[in-house]
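Open the model in a viewer and keep the sequence panel at hand. The stops below go from a pair of helices to the core that they share in.

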Amino acid sequence: MSQVTVISGVERRRFWSDDQKRALVAAACEPGASVAAIARRADLRPSQLYRWRRDLAAPAVAAFAAVTVSPEPSPAAERPAIVVELGGAVLRIAGDASPALVSAVMRSLRR
């Protein structure tokens with residue numbers, strides 16, 4: 001014969017503070033950490049931790065970069081054609097640089 005459990009009354013709905021969520025998400029992001037094990041210890045589903053991680057992440061803001069156009073002509077040999085400053089890194093691109101090289105360097109700056 002099988003056993004049946006009847007739950008009567010209002011279901012339990014837990015409230016997690018932002019600090020508790022951040023602590024669990026930080027623990028799940030540690031190197032070598034198992035999201036499933038952390039979720040199991042907190043009596044959660046792993047998908048809830050992934051949702052909290054997405055919700056607590058800083059929203060990506062699309063923005064335009066400031067561009068300065070200088071009216072004076074400059075020889076291509078003396079100065080780069082494009083100067084990109086990204087996160088403290090400065091990339092100077094010559095006018096004759098190949099598009100493949102420029103895109104490879106830009107991808108490496110994102111990391």
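In this predicted model, start by selecting α1 and α3, which are roughly perpendicular to each other. Select residues 18-28 for helix α1 and residues 46-56 for helix α3; their axes cross at roughly 110° and come within 9 Å. Angles of 65 to 115 degrees count as roughly perpendicular.

Next, show the side chains where the two helices meet. On the α1 side, pick Lys21, Arg22, Leu24, Val25 and Ala28; facing them in α3 are Leu49, Trp52, Arg53 and Leu56. Coloured by class, this contact shows 6 nonpolar and 3 charged residues, and no polar ones.

Now centre on Val25. Which residues is Val25 in contact with, leaving aside its neighbours within four places in sequence? They are Leu49, Trp52, Arg53 and Leu56.

For the last stop, select the largest nonpolar core, made up of 11 residues. Colour the core by helix: at least two of its residues come from each of α1, α2 (35-41) and α3. In soluble globular proteins, nonpolar side chains tend to be buried together.

Key
Residues numbered from 1 in each chain as written. Predicted model: local features only at pLDDT ≥ 70, side-chain atom pairs only at ≥ 80, totals over all residues. Heavy atoms only, no water. Axes fitted to C-alpha atoms, helices over the stretch in contact; angles between N-to-C directions. Helix = DSSP H or I, 4+ residues; strand = E, 2+ residues; numbered from the N terminus. Parallel < 35°, antiparallel > 145°, perpendicular 65-115°, else oblique. Contact = heavy atoms within 4.5 Å. Nonpolar A, V, L, I, M, F, W, Y, C, P; charged D, E, K, R; others polar. Core = buried A, V, L, I, M, F, W, Y, C linked by side-chain atoms within 4.5 Å. Buried < 20%, exposed > 50% of the residue type's maximum accessible area, 1.4 Å probe, protein only.
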